[in-house]
Amino acid sequence: MEGARIFCDSAAVMQAKESWARELSFGHTVGGAACGGGACFSVVNPATGLPFVEVAAAGRAEVDLAFEAASASFSDWRRTSWAERAALLRNFADAVSADEETLATLVTLEQGRPWAFARAEVRRNAQAIRQMADLSVLPECLRDDDSFRSMLHYRPLGVVAAIAPWNVPVTMAVGKLVHALLAGNTLVLKPSPYTPLVTLRLGELGRGIFPSGVFNVLAGGNEIGQWMSEHPAAAKVTFTGSMATGRKVAQSAASDFKRLTLELGGNDAALVLDDVDVDAVAARLFGAAFVNSGQVCMAIKRLYVQDGVYDKVVERLVTYARNASVGDGFAPQTQIGPVQNEAQWRIVQDFLASARADGADFAAGGAALDRPGYFVAPTIALGLREGSRLVDGEPFGPVLPILRFRDAEEGVARANATPYGLGASVWSDDPDRAEQVAASLEAGTIWVNDHAAPDPMVPFGGIKRSGIGRESGLLGLKNFMEPVSVITSRTPRMSWFVP
Ligand code: NAD
């Protein structure tokens, strides 16, 4: 059953912004300068479904040039002090802040998210760079006694190859940049072909700040990702994207045992316990599931609600879903934008079709909107169980199944019955009870009375098949460094070699 929905359209503003974007230059950044490419590819505006900008695709030659530039600059860059690198990153954060309007507008045009959310993403990331720049990884003394002094030093790895998805392009680019560069590595960064513009712009901003070759950005087709992850000059690959591509990246990187971070998909469960104040949490539950039209790896993708509050939670979330303002990202009322690309829009519809076949009751939404662009009505699906594709998989769209459970033990068991392990949450008015339940959940990040709330100071990453390694915080930085032990012997001891 579909409810009333407000569609917000600002076609004239959109057209003006598209023409403005065509005036910008979108070149690759290699060796600190603009670099051309080969055949052009189109960038599609998901709110219209139509191409609006052409970008010259990087090819094999540009990939090799970028790795050459990054390799050549590594020996000088690694010798800069931590404080110098942090200062340059702070300068970059200032450049991002100064360019906020342009970056946010590009995000809305190419990715679709509402402009106010896009601007918030830019602001949050400028702030995250400054926060991360205040961290430092120091040598650790592991033992210091009469026999030995054992120190653990962290050294940069070399050239980092970074491959990003299309859902939060600023967050992805900035996160990979700050980790790689602060740790003393140089970087070759590739955005998704669906959302190249904002990352190319960030490369341009970096040209005047970082030494030549330290920060390189290339956009083009998926094949570039494969070349990057198998490139002999890459010491590490950091990849964020789907499990299927992550598997290929791991295989490519295995040939010479490159260091690897994989930030993969999620199917986050949120458990709402029956002592919760539903009025206080309903809007936040809805927001954590439908943020960026559900296209967030750590969004709530399965909502488990205990019997006692099930009806009330469903009633509140269905009301939000039916009344949400869906539309293009420049209409000021828009709360939920389009799905980012046509392929993903079709995947979301396949999920809805299989849920319908499984007997879902669509209490809100349940279909794509019959209008240009890749819009899907915010959907609440009831009556499903595990075993249904919508519950077990990752639709990555504005679709949320709500499931009922009897007691915490049952809720935890059902939440954990998945190969995914990115995030999870527990919602309760009793934080001690919630933390007890949280202790049994299987995920890399577990929130209590919150969800999809990343913190640049807190390591983030998946367990099980949601990934390998961590980004953010000190642990995230260490994932971009090699630990090296230096052991100084202080007393003569028996040698292994007896002459
Ligand atoms: P994707 O796997 O299709 O693409 C990701 C990137 O990989 C793109 O840049 C693409 O060009 C590149 N690529 C494609 N083929 C490649 C290959 N053979 N070798 C190397 N690179 C290749 O993912 P997507 O559809 O862009 O993003 C959505 C997925 O990303 C979802 O599953 C989502 O959960 C996940 N994601 C995870 C996190 C996280 O932190 N865990 C964050 C955001 C998104």
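The legends below describe close-up views of a predicted model.

View 1. A polar backbone atom of A164 is 2.6 Å from an oxygen atom of the ligand, and a polar backbone atom of G241 is 3.4 Å from an oxygen atom of the ligand. From a side chain, W166 places a polar atom 2.9 Å from an oxygen atom of the ligand. Taken on its own, the ligand has 860 Å² of accessible area, of which the protein covers 90%.

**View 2. The aromatic pair of F92 and F215.** Nine aromatic pairs are found when the whole structure is searched. In the pair shown here, the ring centres of F92 and F215 are 6.1 Å apart and the ring planes stand at 85°, an angle over the 60 degrees required, so the pair is classed as edge-to-face. The two residues belong to distant parts of the chain, with F92 in helix α3 (residues 82–98) and F215 in strand β10 (residues 215–217), 123 residues apart. F92 counts as buried because its relative accessibility is 0%, and F215 is likewise buried, with a relative accessible area of 4%. Ring pairs also join F92 and F215 with W77 and F210 in a cluster.

**View 3. The aromatic pair of W345 and Y374.** W345 and Y374 form a tilted aromatic pair, with 5.6 Å from centre to centre and 45° between the planes. This pair, too, links distant parts of the chain, since W345 lies in helix α12 (residues 342–357) whereas Y374 lies in the loop between β16 (361–364) and β17 (379–382), 29 residues apart. W345 counts as buried at 14% relative accessibility, and Y374 is buried with a relative accessible area of 9%.

**View 4. Helix α7 and its buried residues.** Helix α7 (residues 197–207) is largely enclosed by the rest of the structure, because nine of its 11 residues are buried. The buried residues of α7 are L197, V198, T199, L200, R201, L202, G203, L205 and G206.

**View 5. Positive phi angles at N292 and S293.** N292, although not a glycine, has a positive phi of about 55°, and S293, which is not a glycine either, also has a positive phi of about 55°. The loop between α10 (278–290) and β14 (300–306) holds N292, and S293 is found in the loop between α10 and β14 as well. With a relative accessibility of 8%, which is under the 20% limit, N292 counts as buried, and S293 counts as buried at 4% relative accessibility.

Terms used. Residues are numbered from 1 along each chain as its sequence is written. This is a predicted model: local features need pLDDT of at least 70, side-chain atom pairs count only at pLDDT 80 or more; totals for chains, interfaces and linings use all residues. Side-chain values use heavy atoms; hydrogens and water are left out. A polar contact is a pair of N or O atoms within 3.5 Å; within protein, one must be able to donate a hydrogen and the other to accept it, and residues adjacent in sequence count only if both atoms are side-chain atoms. Accessible areas come from the Shrake-Rupley method with a 1.4 Å probe; for residues, only the protein chains shown count as cover. Rings of Phe, Tyr and Trp (its six-membered ring) pair if their centres lie within 6.5 Å; planes under 30 degrees apart count as stacked, over 60 as edge-to-face and the rest as tilted. Helices (H or I, at least four residues) and strands (E, at least two) are DSSP runs, numbered from the N terminus. Buried means under 20% relative accessible area, exposed over 50%, partly exposed in between (1.4 Å probe, protein chains only).
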